[in-house]
Amino acid sequence: MSLSMYSTSVPVFRQMLGALADVLEKAEAHAQASKYDAAALLQARLFPDMFPLIKQVQIATDFAKGASARLAGIDVPRYEDNEQTFAALQQRISKTLGFIESLPQEAFAGAEGRAITHGAGERARHFDSGEPYLTGFVLPNFYFHVTTAYAILRHNGVPIGKRDFLGIQ
């Protein structure tokens with residue numbers, strides 16, 4: 001039995017975005033307890049040419065909502081990318097989770113064979129079918145940005161571990 005496009009995407013996004021929300025909550029609490037500037041933590045990066053924490057979270061949510069919409073055959077919701085606080089990032093994650101959970105599983109039927117275009121203009125990527133789009137492009141990118149957000153927080157002393165990353169209590 002093969003995995004469905006729905007079960008390979010939405011539950012993964014749900015688990016990892018939930019875990020990301022939890023580590024952001026711990027990061028905010030750690031910043032407050034340590035009297036660390038939360039704004040500085042939100043702008044922290046692993047290296048100067050990498051995106052800061054805020055952008056990592058924005059991109060992770062963009063991959064989750066964008067892939068879910070494209071696989072379900074509907075328009076991708078647009079977000080402003082104007083978050084500047086932990087609370088705003090939490091709202092973005094909640095909005096993304098609400099969106100992906102609103103999509104009926106049936107909407108993903110046939111997505112494995114549907115041609116998909118990700119992005120626009122000269123940066124657009126075209127996929128002949130949904131399966132390589134999801135497994136070879138979306139999931140690696142999604143995990144990259146969630147992992148980088150986690151690594152930024154861990155590098156800055158937030159007491160989180162692998163179980164936090166995975167969302168295992």
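Author: The side chain of D164 makes a polar contact with the side chain of K26, at 2.5 Å. This is a predicted model. D164 sits in helix α6, residues 162-166. Is D164 buried or exposed? D164 counts as buried because its relative accessible area is 19%, and the cut-off for buried is under 20%. Beyond its neighbours within four places in sequence, D164 is in contact with A19, V23, K26 and P159.

Now to α1. This helix spans residues 5-33. The buried residues of α4 pack against α1, and also against α2 (38-42) and α3 (53-72). Helix α4 itself runs over residues 86-102, 17 residues in total. From first C-alpha to last, α4 reaches 24 Å, close to the 24 Å expected at 1.5 Å a residue. Which residues of α4 are buried? They are F86, A88, L89, R92, I93, T96, L97, F99 and I100.

From α3, go on to the largest pocket. The largest pocket holds about 700 Å³ of space. Its lining has 21 residues. Two or more of these come from each of α3 and α5 (130-155). Helix α3 gives the largest share, 7 residues. Nearest the centre of the pocket lie D62, F63, R70, H118 and G119. By type, the lining residues divide into 9 nonpolar, 4 polar and 8 charged.

Technical notes. Residues are numbered from 1 along each chain as its sequence is written. This is a predicted model: local features need pLDDT of at least 70, side-chain atom pairs count only at pLDDT 80 or more; totals for chains, interfaces and linings use all residues. Side-chain values use heavy atoms; hydrogens and water are left out. Helices (H or I, at least four residues) and strands (E, at least two) are DSSP runs, numbered from the N terminus. The expected span of a helix is 1.5 Å times one less than its number of residues. Buried means under 20% relative accessible area, exposed over 50%, partly exposed in between (1.4 Å probe, protein chains only). Contact means heavy atoms within 4.5 Å. On a 1 Å grid over the protein atoms alone, a cavity is a set of points where a 1.4 Å probe fits but cannot get out, and a pocket is an open set with protein on both sides within 12 Å along at least five of seven lines; lining residues have an atom within 4 Å of a point. Grid points are joined across faces, edges and corners, and a volume is the space filled by probe spheres set on the points. Ala, Val, Leu, Ile, Met, Phe, Trp, Tyr, Cys and Pro count as nonpolar, Asp, Glu, Lys and Arg as charged, and the others, Gly among them, as polar. A polar contact is a pair of N or O atoms within 3.5 Å; within protein, one must be able to donate a hydrogen and the other to accept it, and residues adjacent in sequence count only if both atoms are side-chain atoms.
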